[in-house]
Amino acid sequence: MTFITSIANSINKSRLRQIDFFRKNPEEIQEAVFRNLISRAAKTEWGIMHEYSGIKTIKQFQERVPIQGYEELLPFIERLRNGEKNLLWPGEVKWFAKSSGTTGARSKFIPITRDSLHECHYQGGKDVIALYLNNRPDSGIFYGKGLILGGSHKIDNFSNRSLYGDLSAILIENTPWWFDIIRTPSRKIALIEDFEKKLELITRITVKQNVTSLTGVPSWFLVLIKQILNYTGKTDLKEVWPNLEVFFHGGVSFKPYRELFRHFISDSQFRYVETYNASEGFFGVQDDFSSNDMLLMLDIGIFYEFIPVNEISSGKNAALTIGEVSKGTNYAMVISTNGGLWRYLIGDTIQFTSLYPHKFIISGRTRHYINVFGEEVIVENADKAIESACNATGAIVLEYTAGPVFTGLSSKGSHEWIIEFEKEPGDLALFTEKLDEALKQVNSDYEAKRFKDLNLTMPVVRSVPRGTFYNWLKEKNKLGGQNKVPRLSNSRDYIEELYRIAGITGA
């Protein structure tokens, strides 16, 4: 064990005991978080409006406060951006995380309070390191620099009293000065708004440094990795940074990118640690190298509720607490936070893989699925099917999106997949067949609709030229940060836009 890692582990012992306690006592911890949030917000405008001072139970809270979407909170957020105080959470809100969720949605501005910044986001980051070092006590990450690829920020034109940027930029901007000692690139470069210029500067600077860890979104890190390897003439990232040992990643599913990273980082001891740090809060971290699920963080200022996804479509919206959930069910996550979000439907869906401790995987989003024909294909299904088809054909997928081919007067419906390959399959028809087979295996509704081509015919897979998705995002001014490609849609809007970028004539 290195000396610095030994000191860090000693400091982390107390926190690791707290994490172990909430693993075993989730209901008790969540009850305490709930009461703390209600108490602290009781004198805010929102708290007074919903009579927080009189709330004694979670059931009362659920009866008094309806489930919220962004539109319901928008009037409060606009007032906060104008400098009003004590609306959703005590005090002033200076920072807002700009989040669109997908390339097509209008921007959302999520309030980042001082309490959510320090008690949730930064604490979550500390917990990631504590759990990683607990799993790898011989780590040497502190003997080099951590390469963080984030977004940018600028003054919000709506008001001189508030600033906005993507979450990564806000976290970088507010870290203490000493963090620059262990981080690369510098704060000035990290916050450059021009993503391509930023990549160029990062490449020239970091190839001369001892980088031991990477942190960021997989899709954007791949762009940087390719640029660095091209710049240095190397084929393996470990040739550039021999002491590189871990990639802390989040923002998008890692499944489509896993093989690509293994191609560029051949070291079998290199670790990948998934985190779930959204603009709305820090929710989970992979705490075990032998499993790809994440531990739900229960004591950093977030009270969770869970709605079975099938009940959202039915309008029931009966929310469950942490002690009422079960494994394998697809839940929409509802959060109340120290950022002033109250019974907020975040839009992500999860499935619990374990209870006591409560571990989960991200299964998709409440609005990102294909259900035109009753097939209810979610992002998790799509990622598994892509992975299976790649394994069967030797292909490597860089990006993809899928949508419907609608039923015509003399034709049945199907799904169309637009895929940018890093490595093309030798036989695209075989890839399509394996994709279809995998979807049938993971989704019984899809299998039923595909039975004898009853409702759905064989999917259509179209390969697009390298750079198509990058150019699509660039056209939308969505390069870098937490911007991501929407995987599934019930419309053909994304497909038609990609056709135009790629110069393909539509079907």
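I began with the sheet of this predicted model, and found it to be an open one of 11 strands, in the order E6-E3-E7-E8-E9-E10-E11-E15-E14-E13-E12, with mixed pairing. I then looked at its edges, where strand E6 (183–184) and strand E12 (302–308) stand with a single partner strand each, so one side of each is left without a neighbour in the sheet.

As one example I noted Ile 350, whose bridge partner in E15 is Ile 362.

I turned to what lies across the strands, and found helix H6 (residues 114–135) over strand E8 (246–249), strand E9 (271–278), strand E10 (281–285) and E12, with an angle of about 15° between H6 and E10.

My last entry concerns two helices, H9 (residues 195–206) and H10 (residues 218–232), whose axes come within 10 Å and cross at roughly 50°. An angle of that kind makes H9 oblique to H10, and I recorded the crossing of the two as right-handed. Which residues of H9 and H10 meet? On the H9 side I listed Phe 195, Leu 199, Glu 200, Ile 202, Thr 203, Arg 204 and Thr 206, and on the H10 side Trp 220, Val 223, Leu 224, Gln 227, Ile 228 and Tyr 231. Sorted by class, the contact of H9 with H10 holds 8 nonpolar, 3 polar and 2 charged residues.

How values were computed
Residues numbered from 1 in each chain as written. Predicted model: local features only at pLDDT ≥ 70, side-chain atom pairs only at ≥ 80, totals over all residues. Heavy atoms only, no water. Pairing = 2+ DSSP bridges. Helix = DSSP H or I, 4+ residues; strand = E, 2+ residues; numbered from the N terminus. Contact = heavy atoms within 4.5 Å. Axes fitted to C-alpha atoms, helices over the stretch in contact; angles between N-to-C directions. Parallel < 35°, antiparallel > 145°, perpendicular 65-115°, else oblique. Left-handed = near helix turned anticlockwise from the far one by under 90°. Nonpolar A, V, L, I, M, F, W, Y, C, P; charged D, E, K, R; others polar.
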